[in-house]
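Work through these exercises with the structure open beside you. Try each task before you read its solution.

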Amino acid sequence: MSETERIDCEKITHFQFDQAADAMGLDSEIRDLLKTPFREVQVKIPIKMDDGRLKVFVGYRVQHNNARGPMKGGIRYHPEIDPGEVRSLAALMTWKTAVVNIPFGGAKGGVACDPKGLSSDELERMTRTFVSMLDTIIGPYQDIPAPDVNTNAQVMAWIMDEYSRRHGYSPGVVTGKPIDLGGSKGREEATGRGCVFILQEAARDTNLDLGKARVAIQGIGNVGSHTARFVSELGARVVAISDSRGGIYDPDGLPMDRVLTYKAERRNLIGFPNARPITNEALLELDCDILIPSALGGVIHKFNADRIRAKVIAEAANSPTTTTADEILEKKGVVVIPDILANAGGVTVSYFEWTQNLQQRSWEEEEVNRELRKIMVRSYQQVASVARESKATLRVASYIVAIDKVARATRLRGI
Ligand code: NAD
């Protein structure tokens with residue numbers, strides 16, 4: 001059994017915030033104001049199951065901060081969802097939207113359930129009842145949910161429909177919708193595409209030739225699969241990739257097109273020809289240039305950080321690195337591109353989707369990708385310049401950029 005470190009996501013987010021707040025000399029009053037969530041809601045969701053039984057689910061929405069705009073953040077369906085984790089993910093959204101300078105605050109939510117054990121009808125009833133419970137606190141100018149782990153465009157369509165039944169046609173209440181209902185072209189690929197735009201910038205700064213880089217990716221869901229495709233289109237070799245059941249490895253590089261087709265057809269990677277099986281733990285410790293965790297939080301911890309051999313880690317997942325691991329990696333000279341920057345492409349295109357909904361027009365995909373690149377490049381450069389000036393890591397620099405914007409907005413609006 002592998003060693004594990006007890007992961008307290010909320011503690012990690014507070015520690016990261018405090019590191020930057022210390023570097024900025026932020027006073028304690030504004031610190032408390034920025035760390036404390038605006039509103040937390042827990043709701044009971046009673047559902048009639050297909051077999052007639054009644055089952056009660058528990059749903060959460062944490063709205064962290066709205067100083068810079070309506071709150072924004074995903075909804076995840078997961079059996080192990082806990083309020084502390086949702087609180088931490090909501091805060092991350094506040095810093096993420098600020099670091100890329102889009103006019104949103106931060107929120108996050110979810111329902112404790114195992115969606116794989118629910119029929120489509122049960123999932124729809126659960127989603128609609130959850131929305132009816134949040135009805136008065138979400139909305140295009142209040143709080144705008146989006147997909148996250150185990151939720152998708154169909155779930156967003158139910159959210160949009162349920163909210164619109166009560167408030168009139170309101171596509172701007174949710175992003176990540178199907179394109180037929182006002183979703184944005186390029187939204188599905190946006191987190192992976194944005195992560196690769198950031199990697200292109202970071203590669204230049206770290207003298208890494210992305211065209212020859214060896215890349216290991218944990219996770220082949222929405223984020224991992226698109227990141228793998230885009231990075232291999234630039235010539236990089238994806239040497240390993242995994243899902244929850246394990247991964248595959250080829251030091252000469254995996255044929256990503258064939259891997260993605262195989263995964264789509266069989267729903268796992270087991271038995272992929274001409275590649276060796278590899279565990280998720282071993283994948284993280286592979287000899288490679290770039291490691292991209294794209295699955296769960298807390299996977300790089302104090303027991304494995306010392307064994308990481310990548311030169312650059314791009315945190316496509318939220319909170320994949322614990323604070324102790326962060327210190328170990330910094331001492332080893334590993335460049336960590338933090339989640340609030342590396343995976344901000346998704347919320348950036350969600351912002352484009354929201355603006356398209358409010359203006360009732362639709363952008364071409366080239367426009368979406370061009371504007372996404374502009375925002376990701378500009379954000380990376382701003383963070384890298386703050387990191388150089390303050391001799392800080394990219395994580396601390398990202399928080400400095402973000403906290404500064406939220407603190408200024410808060411003071412200007414009046415505390
Ligand atoms: P997803 O559900 O589409 O994919 C998750 C992937 O993780 C799957 O390949 C799954 O097999 C794998 N996985 C699950 N359990 C695992 C385990 N124990 N070990 C290894 N792999 C495991 O989710 P996603 O949307 O791709 O999100 C992945 C991460 O990226 C999450 O941390 C999410 O919060 C973050 N994120 C997602 C977006 C987005 O736009 N979807 C945006 C920003 C951040």
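**Exercise 1. Give the strand order of the seven-strand open sheet, and name its edge strands.**

Solution. The model is a predicted one.
- Step 1: Trace the seven strands. Their order is S9-S8-S7-S6-S10-S11-S12, and the sheet is open with mixed pairing.
- Step 2: Look for strands that pair on one side only. These are the edge strands, S9 (276–278) and S12 (335–337).
- Step 3: Take one pairing in detail. S8 (residues 246–249) and S9 run antiparallel and are joined by three bridges. Opposite Ile 248 stands Pro 277 in S9.
- Step 4: H7 (residues 222–233) lies across S6 (214–218), S7 (237–243) and S10 (290–293). The angle between H7 and S7 is about 170°.

**Exercise 2. Describe the five-strand open sheet, then state the sense in which S1 and S2 pair.**

Solution. 
- Step 1: Write down the order. It is S1-S2-S4-S3-S5, and the pairing is mixed.
- Step 2: Find the edges. S1 and S5 (143–147) each pair on one side only.
- Step 3: Note the twist, which averages 20° from one strand to the next.
- Step 4: Go to S1 (residues 39–48) and S2 (residues 54–65). They pair in the antiparallel sense over 10 bridges. Lys 44 has Val 58 in S2 as its bridge partner.
- Step 5: Inspect the hairpin of S1 and S2. Five residues lie between the strands, and Gly 52 takes a positive phi near 95°.
- Step 6: Move on to S3 (residues 71–77) and S4 (residues 105–112). Here the pairing is parallel, over five bridges. Tyr 77 has Val 111 in S4 as its bridge partner.

**Exercise 3. How are H3 and H14 oriented to each other?**

Solution. 
- Step 1: Recall the two quantities. Two packed helices are described by the angle between their axes and the distance between the axes.
- Step 2: Read them off. The axes of H3 and H14 come within 8 Å and cross at roughly 90°.
- Step 3: Apply the cut-off. Angles of 65 to 115 degrees count as roughly perpendicular. H3 and H14 are therefore roughly perpendicular to each other.
- Step 4: List some residues in the contact. From H3 they include Leu 92, Trp 95 and Val 99. From H14 they include Tyr 399, Ala 402 and Val 406.

**Exercise 4. How many aromatic pairs are there, and what kind of pair do Phe 17 and Trp 95 form?**

Solution. 
- Step 1: Count the pairs. There are nine aromatic pairs.
- Step 2: Take Phe 17 and Trp 95. Their ring centres are 5.3 Å apart and their planes stand at 40°, so the pair is tilted.
- Step 3: Phe 17 is in helix H1 (residues 9–24) and Trp 95 in helix H3 (residues 83–99), so the pair ties together parts 78 residues apart in sequence. Both Phe 17 and Trp 95 are buried.
- Step 4: Follow Trp 95 to Tyr 399. This aromatic pair is tilted too, at 6.4 Å centre to centre and 45° between the planes. Trp 95 lies in H3 and Tyr 399 in H14, so this pair ties together parts 304 residues apart in sequence. Tyr 399 is buried, as is Trp 95.
- Step 5: Look for a cluster. Phe 104, Tyr 141, Tyr 351, Phe 352, Trp 354 and Trp 363 form one.

**Exercise 5. Is Arg 395 buried or exposed, and which side chain joins it in a polar contact of 2.9 Å?**

Solution. 
- Step 1: Locate Arg 395 in helix H14 (residues 394–413).
- Step 2: Judge the accessibility. Buried means under 20% relative accessible area. Arg 395 has 3% relative accessibility, so Arg 395 counts as buried.
- Step 3: Find the partner. The side chain of Glu 315 makes the 2.9 Å polar contact with that of Arg 395.
- Step 4: Check other neighbours. Among the residues that Arg 395 touches are Gln 16, Asp 326 and Asp 339.

**Exercise 6. Ser 319 and Gln 360 each have a positive phi. Which one is buried, and which is exposed?**

Solution. 
- Step 1: Recall the background. Most residues other than glycine have a negative phi.
- Step 2: Read the angles. Phi is near 50° in Ser 319, and near 50° in Gln 360.
- Step 3: Ser 319 sits in the loop between strand S11 (312–314) and helix H10 (323–332). Gln 360 sits in the loop between helix H12 (345–359) and helix H13 (365–390).
- Step 4: Decide. Ser 319 counts as buried, at 7% relative accessibility. Gln 360 is exposed, with a relative accessible area of 72%.

Definitions and conventions:
Residues are numbered from 1 along each chain as its sequence is written. This is a predicted model: local features need pLDDT of at least 70, side-chain atom pairs count only at pLDDT 80 or more; totals for chains, interfaces and linings use all residues. Side-chain values use heavy atoms; hydrogens and water are left out. Helices (H or I, at least four residues) and strands (E, at least two) are DSSP runs, numbered from the N terminus. Buried means under 20% relative accessible area, exposed over 50%, partly exposed in between (1.4 Å probe, protein chains only). A polar contact is a pair of N or O atoms within 3.5 Å; within protein, one must be able to donate a hydrogen and the other to accept it, and residues adjacent in sequence count only if both atoms are side-chain atoms. Contact means heavy atoms within 4.5 Å. Rings of Phe, Tyr and Trp (its six-membered ring) pair if their centres lie within 6.5 Å; planes under 30 degrees apart count as stacked, over 60 as edge-to-face and the rest as tilted. Two strands pair if DSSP finds at least two bridges between them. Axes are lines fitted to C-alpha atoms, for helices over the stretch in contact, and angles run from 0 to 180 degrees between N-to-C directions. Angles under 35 degrees count as roughly parallel, over 145 as roughly antiparallel, 65 to 115 as roughly perpendicular and the rest as oblique. Lists of a residue's contacts leave out its neighbours within four places in sequence.
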